[in-house]
Amino acid sequence: MDNIATLAGKTKPESLIEGSPKENILIKTMKALVYHGPGKKSWEDKAKPTIRESTDVIVKIINTTICGTDLHILKGDVPEVTDGRILGHEGVGVIEEIGNAVTGFKKGDHVIISCITSCGKCVYCKRSMYSHCVNGGWILGHLIDGTQAEYVRIPFADNSLYHIPAGSDEEALVMLSDILPTGFECGVLNGKVQPGNTVAIVGSGPIGLAALLTAQFYSPAEIIMIDPDDNRLETAKKFGATHTINNSRENAVERVKELTGGIGVDTAIEAVGIPATFDLCQSVVAPGGVIANVGVHGKSVELHLEKLWSQNITITTRLVDTVTTPMLLKTIQSKKLDSKKLITHRFPIKDIIKAYDVFEHAAKERALKVILISE
Ligand SMILES: [Zn+2]
Ligand SMILES: [Zn+2]
C-alpha cells in the first residue's frame, strides 16, 4: 500500500486549496461527510471536486451508503485516513464533468462507482488484481475523498466506473460498488463453493448475507449461518440459509459438527473480522476444506497449526478486485439475484449523521444497508 500512499501524496489535499482566500472566491462548495480523527465526523461544506487528471470524471452522487469499513475508520483502525478526508467508497451517480482522455463515458451517463479504482495498465491490473493497482486500489474515502458527498472525483474513470443500463433500479445497484463483489470474490470464489458442498458463513451482516446470496449460484447442499443476532439469522433464513446458529446461546462448533455428520464444512467464510470468528472457522473446517477470510482484521489471530497442519486445508485472504462486477450486474438485471433486499433504511443525504447512528446500532435498528439519497 506504500506506493499508493506516495501517489496520493502527489496531489494537493483539498484542505490546502480551501485555505487560500484568493482561490476560495472561485471554489464552489458542496456538502460532505468529513472524518476528523477517531470518533469525529461532520456533515460540512467542502470544495466541490474538480478534474485534476485527464482520466478523471466528476460524478454527482444519486445514492451512496455506509460500510462497515467506514465504522472501522471512525474507530481509528485505519490510520492512513487523515483528518479532513471525505468518507465513502460506494454509490451510483451521474457524470457531471469529464476529463478529455476519458473515452468510455460521457456527460450525463449514469454510473456505478466501484470501491476499487484501477488504472488498467499496471502489473496488478494486467493480472486482474485491481485491488492492488499501483495507481489506485482502495483509495476512495481512504487516501482520496470519497462518495459520502454531493460530488466525487473518480480517477481512471474508464476502468473504475460501470454503465447503468437504462431502466435499472439504481439503488439496488449500489450493492455492486462493494458488498456483492466482496462477498462473492473473497467469500464464495476464494472459498471454492461447489454443488453439493457444505458452507458455514460466520457473520450475518451485509457482507455475510452478500456471500449467502451469491453462494447459491453454485447450489451448495447446506449453508449454515452463524451470528449472535436473531434478527439477522431470521433474515439469513429468508435469503436461503439452510440452517442458522445463534452462537451467543449455542455451541456453534458442536452444532456445525452435528449438521455435517461430525466432519465440519467444506467452506468456512469469515465475514466479521475479529479473532473469535476466525477461530470458529478453524474449528469447523473439514479436512480438505477452505477458510475464506473476508473480514477486515485489526488484531492478529492465533493460527492453530498444531491441529490444522495435517488437515489439507487452504486459508485464503483477498481484498475485493471487483472483477466480477459486470457478471453480478447481469445477474441482477436478469433477476437471478435480488440485491435490493439488502437495503433496510433510506435517508436523505443531509441526514447522514442520523444514518450513521442507525448503522452503528445495526442489531437494535435491524439495519443492513442504509441508502442515502441526494436531493
Ligand atoms: Zn464498503
Ligand atoms: Zn493499475
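The exercises below concern the domains, sheets and helix contacts of a predicted model.

In this predicted model, local features need pLDDT of at least 70 and side-chain atom pairs count only at pLDDT 80 or more, while totals for chains, interfaces and linings use all residues. Residues are numbered from 1 along each chain as its sequence is written, and chains are lettered from A and ligands numbered from 1 in the order in which they are written.

**Exercise 1.** State how the chain is divided into domains and describe the side of domain 1 that touches domain 2.

Solution.
- Step 1: Domain 1 covers 2–178 + 322–373, and domain 2 covers 181–316; such bounds come from an automatic or database domain assignment.
- Step 2: Taken over C-alpha atoms, the centres of the two domains are 29 Å apart.
- Step 3: Domain 1 gives 16 residues to the contact and domain 2 gives 14 residues. Two residues are in contact if their C-beta atoms, placed from the backbone, lie within 7 Å.
- Step 4: On the domain 1 side, α4 (68–75) and α14 (325–333) each supply at least two residues. The largest share, three residues, comes from α4. Helices (H or I, at least four residues) and strands (E, at least two) are DSSP runs, numbered from the N terminus.
- Step 5: By class, this side has six nonpolar, six polar and four charged residues. Ala, Val, Leu, Ile, Met, Phe, Trp, Tyr, Cys and Pro count as nonpolar, Asp, Glu, Lys and Arg as charged, and the others, Gly among them, as polar.

**Exercise 2.** Give the strand order of the open sheet of six strands, and explain why one side of β10 and of β13 is left without a neighbour.

Solution.
- Step 1: The order is β10-β9-β8-β11-β12-β13, with parallel pairing. Strands pair if DSSP finds at least two bridges between them.
- Step 2: β10 (243–246) and β13 (314–316) are at the edges and have a single partner strand each, so each has one side without a neighbour in the sheet.
- Step 3: From one strand to the next, the twist averages 15 degrees.
- Step 4: Within the sheet, β11 (residues 265–270) pairs with β12 (residues 285–293) over five bridges, in the parallel sense. Glu270 stands opposite Asn293 in β12.

**Exercise 3.** Describe how β1 and β2 are joined.

Solution.
- Step 1: β1 (residues 29–35) and β2 (residues 41–47) run antiparallel and share seven bridges.
- Step 2: Met30 lies opposite Lys46 in β2.
- Step 3: The two strands form a hairpin with five residues between them, and Gly37 in the turn has a positive phi of about 95 degrees.

**Exercise 4.** At what angle do α8 and α9 cross, and which classes of residue make the contact?

Solution.
- Step 1: The axes of α8 (residues 179–189) and α9 (residues 206–215) come within 8 Å and cross at roughly 70 degrees. Axes are lines fitted to C-alpha atoms, for helices over the stretch in contact, and angles run from 0 to 180 degrees between N-to-C directions.
- Step 2: This makes α8 roughly perpendicular to α9 (under 35 degrees counts as roughly parallel, over 145 as roughly antiparallel, 65 to 115 as roughly perpendicular and the rest as oblique).
- Step 3: Residues in the contact include Phe184 of α8 and Ala211 of α9.
- Step 4: By class, the contact has nine nonpolar, four polar and no charged residues.
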